[in-house]
Structures are given as C-alpha cells and as structure tokens.
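Let's take a walk through this one together. Have the sequence and the model open side by side, and follow along from a single side chain out to the whole chain.

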Amino acid sequence: MGGEQEKAPETAQSGLVGRSIDEFVHQLRGFTDRARSLAGAVPARLSLPSLPSPPGAMSAAQLRAIAQTVSAQRTSIAAMQAQLEAFDQQMAVFERILDPLVEWSATWARLEEAVGDFVRPNGSDEKNGS
C-alpha cells in the first residue's frame, strides 16, 4: 500500500508535466501556423531580414567564449594563489629575521639605559643646572 501511495504523486506530477508540454507544443504550432499565414500575406517586395548565422551557432560561439573566459579566470586565480604563497613564504623568512633583531634592540636599549645611569650618576642635577 505504501508503494502505491508514493507512485500516485509521481504519476500526477508526470501527467501535469506532460500536459504542460502538450499545451506548449500546441501553442507553438498555433503560432507557427499564424506566422505562415501572415508571411503569405506579406508583399513580395518586403523582404524579411536574414539572421547572420543560425541561432544554434551563435549560442555555441557564446558558450565557447564563456568557457574560455572561465578557464582564463581560473588560470589567473591559480597564478594569484602561487604569488600569495610565495609572498607568504617571504614574510615567514622576514619574520624569522626580525625576531632576533627585536630581541637585540631590546637588549641594546637596556644596555644604553644602564650605561647612561652609570655615566651620569646625578643626571637629574644636570637637567636642573642647565
């Protein structure tokens, strides 16, 4: 019983789709019949413009151009990723170089402070005397 209930919505849905397609085909046939009858009524001296190429060929050319654009953009993204990876590696090296320099600079600052206090034992008197 459960299988029959599941098939019922599918059948109803496929019937609806089938009816929609049939209606579309019927409308399309009606349109083409009316277009043919109108084309027969058009004076011979009035010519209809011709398409530069079949619509299918235009679509294929457009899709080919889109595919080439997407491929080019993906190649560009890959190149940017490679550049960013190289830049990240350079920053890592720079960071490793800076760490000892920062430590050396802090040590030098402490040494200058200690030597400054040693050379000018009464540094506050000199400031007041000047």
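**Starting from a threonine**

Thr32 is partly exposed, with a relative accessible area of 31%; on this scale buried means under 20%, exposed over 50%, and partly exposed in between (1.4 Å probe, protein chains only). Thr32 sits in helix α1, residues 2-41, and its side chain comes to 2.8 Å from the backbone oxygen of Arg29. That is a polar contact, meaning a pair of N or O atoms within 3.5 Å; within protein, one must be able to donate a hydrogen and the other to accept it, and residues adjacent in sequence count only if both atoms are side-chain atoms.

A word on the ground rules. This is a predicted model, where local features need pLDDT of at least 70 and side-chain atom pairs count only at pLDDT 80 or more, while totals for chains, interfaces and linings use all residues. Residues are numbered from 1 along each chain as its sequence is written, and side-chain values use heavy atoms, with hydrogens and water left out.

Now zoom out. The protein chain has three helices and zero strands, in the order α-α-α along the sequence. Helices here are DSSP runs (H or I, at least four residues), as are strands (E, at least two), numbered from the N terminus. Of the 130 residues in the protein chain, 1% are buried.

Phe94 is partly exposed at 44% relative accessible area. Together with Phe87, Met91, Val93, Ile97, Leu98, Leu101 and Val102, Phe94 makes a nonpolar surface patch of about 710 Å².

What about aromatic pairs? The count is one: Trp104 and Trp108 are stacked, 5.9 Å centre to centre with 20° between the planes. To pair, rings of Phe, Tyr and Trp (its six-membered ring) need centres within 6.5 Å; planes under 30 degrees apart are stacked, over 60 edge-to-face, and the rest tilted. Both tryptophans lie in helix α2, four residues apart, about one turn of the helix. Trp104 counts as exposed at 55%, whereas Trp108 is partly exposed at 43%.

Mean pLDDT (the predictor's confidence in each residue, from 0 to 100) is 77 for the protein chain, with 62% of its residues at 70 or more. Confidence is highest in α2, at 90, and lowest in helix α3 (residues 123-129), at a mean of 53. Where pLDDT is low, the predicted coordinates should not be read in detail.

Notes:
Patch = residues over 30% accessible without salt bridge, like charges linked within 9 Å, V, L, I, M, F, W, Y side chains within 5 Å. Areas by Shrake-Rupley, 256 points an atom, 1.4 Å probe, with all protein chains shown as cover. Salt bridge = Lys/Arg side-chain N within 4 Å of Asp/Glu carboxyl O.
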